[in-house]
Amino acid sequence: MDVTGQAVRIATVDDGLPGGEASRVVAVPANDAYTARLHTSLEAVRPLWLRFQMDGVCTAHQHFAWVEGIVARLMPAGAEPLIVEVNNAVTGAPLMLVPLMLRPAFRHRVIEWLSCGVCDYSAPLLADASAWTAQSAHAAWAAVRSVLPPADRVNILGIPRRINGVDNPLALLPATRDSIQTTFGLAIDGDPETILKRLCRPSFVKEFGKDWRRLERLGGVELVEAATPAEVEQIFGELIRMRLSRFRELGRFDLLTQEAVVDFYRNAALQGLSDGSVRLFGLRVGEALIAVQYLVVHQGTVHALLIAMDQSVVPNVSPGLLIMGRLIGWARERRFDYFDLSVGNQSYKEHMGAKASVLAELRQGLTVRGRAAITAIELRNRAEAFVRSKPGLLKAVQGLMRGLRRLRGGS
């Protein structure tokens, strides 16, 4: 029986939450029944969030401190957080937290994931590893939708199929479709000393060994981790310098041109010193850093988020591949079992031997304006997919964009 097709009872209650926040409770009857409660502040759900983070299923992108930084530093004007708590309607047990936001767009309002560009993955926090089915996910989403404020469309991107081995309820929804986004990663196991040889492509292993020996002949190479606030500031400053210089050279856009985003990542790295949830590494040759990698970690997974390199220090080596390869070994030494290379089709990921996974997306038009916006977005995505399928055309378009960005940068 499709429980989402039945009548839904909605009651608004004041729970005496901080700031007079109200929560709307929804009861969805029958099989796999859920209630949902809407919170518009993180503080209202802090204890439950931290419990799910510790004992449940989530990614490092859903850490409370990470999302707290998003709300404090990156929310666009006129936006508000929407944290939906989903409970078992019979027992009242909390099952899921869904962090969303409502923001104004061009002449309409859109509900998105609470990401603001710094979360690779859209996945709810789950109370435990219990299996979800298409029917239960559909019913839970119906409860979520029932407490959300009016909007013109829903736009959730970057949906992974699974979260730490558990099916992502968002990926099970009938309206969810494959996106043009792809993520890459490596399952890592066994002896750290032989991990690259066992898991990566022979061509990558050969290149890594050759470049590493070249650096060693220059007087020593060292992987260093920022362990103090001063070291975070120094290494993070190098990351920004290297990355902006390289992206300027390539004529590519980078979020780190925005001061608020830089402040977000710096603050997260400083906070991460206390619990190890954010790690910042540099690859040093002599006294010079030639590459920097920004990681976030949770349970058995290492997420490689930001990488930057300076190829002018030691020509004819690949600093990015060297620090990445060394960190795979570091991760395995500490018993991590998955190294996530993040979203994007950069060629080095396949060169390493990482496995690709297509992310999903959920686009729902709730009004005429919302459906028109979705149509426009889909046309743009089709055009982008067509260009990417034609290497010559893609190269020409990228060259044009680089030229335009250089002109804007010089004006």
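Predicted model: local features only at pLDDT ≥ 70, side-chain atom pairs only at ≥ 80, totals over all residues.

Student: Why is the pair Arg279 and Glu225 called a salt bridge?

Tutor: The cut-off is 4 Å between a side-chain nitrogen of Lys or Arg and a carboxyl oxygen of Asp or Glu. Arg279 and Glu225 are at 3.4 Å, so the pair counts as a salt bridge. By this rule the count comes to 13 salt bridges.

Student: Which parts of the chain does the pair of Arg279 and Glu225 link?

Tutor: Distant ones. Arg279 is in strand 13 (residues 278–285), Glu225 is in strand 12 (residues 221–225), and the two are 54 residues apart.

Student: What other residues form a salt bridge?

Tutor: Arg266 pairs with Asp263, with the closest N and O atoms 3.0 Å apart. Both lie in helix 7, 3 residues apart, about one turn of the helix.

Student: Why does that spacing matter for direction in an α-helix?

Tutor: An α-helix has 3.6 residues a turn, so residues three or four places apart point the same way.

Student: What makes Arg266 and Asp263 partly exposed?

Tutor: Arg266 has a relative accessible area of 25%, so it is partly exposed. Asp263 is at 27%, so it counts as partly exposed too.

Student: Which residues of helix 7 are buried?

Tutor: They are Val261, Val262, Phe264, Tyr265, Ala268, Ala269 and Gly272. They cover an arc of only 160 degrees around the axis, so they are on the same side of helix 7.

Student: Why is Ser179 called buried?

Tutor: Ser179 has a relative accessible area of 12%. The cut-off for buried is under 20%, so Ser179 is buried. Its place is in strand 11 (residues 177–187).

Student: What does the side chain of Ser179 reach?

Tutor: It reaches the backbone nitrogen of Gln181 at 3.0 Å. It also reaches the backbone oxygen of Leu359 at 2.7 Å. The cut-off for a polar contact is 3.5 Å, so both distances are within it.

Student: Which residues is Ser179 in contact with, leaving aside its neighbours within four places in sequence?

Tutor: Val358, Leu359, Ala360 and Glu361.

Student: How do you know that strand 4 and strand 5 pair?

Tutor: Pairing needs at least two bridges. Strand 4 (residues 80–88) and strand 5 (residues 94–105) are joined by 8 bridges, so they pair. They run antiparallel. Pro81 has Met101 in strand 5 as its bridge partner.

Student: How many residues lie between strand 4 and strand 5 in their hairpin?

Tutor: There are 5, and Gly92 in the turn has a positive phi of about 80 degrees.

Student: How many bridges join strand 5 to strand 7?

Tutor: There are 2, and the strands run antiparallel. The cut-off is at least two, so they pair as well. Leu97 stands opposite Leu125 in strand 7.

Key
Residues numbered from 1 in each chain as written. Heavy atoms only, no water. Buried < 20%, exposed > 50% of the residue type's maximum accessible area, 1.4 Å probe, protein only. Helix = DSSP H or I, 4+ residues; strand = E, 2+ residues; numbered from the N terminus. Arc of directions from axis to C-beta. Polar contact = N/O pair within 3.5 Å; in protein donor to acceptor, adjacent residues only side chain to side chain. Contact = heavy atoms within 4.5 Å.
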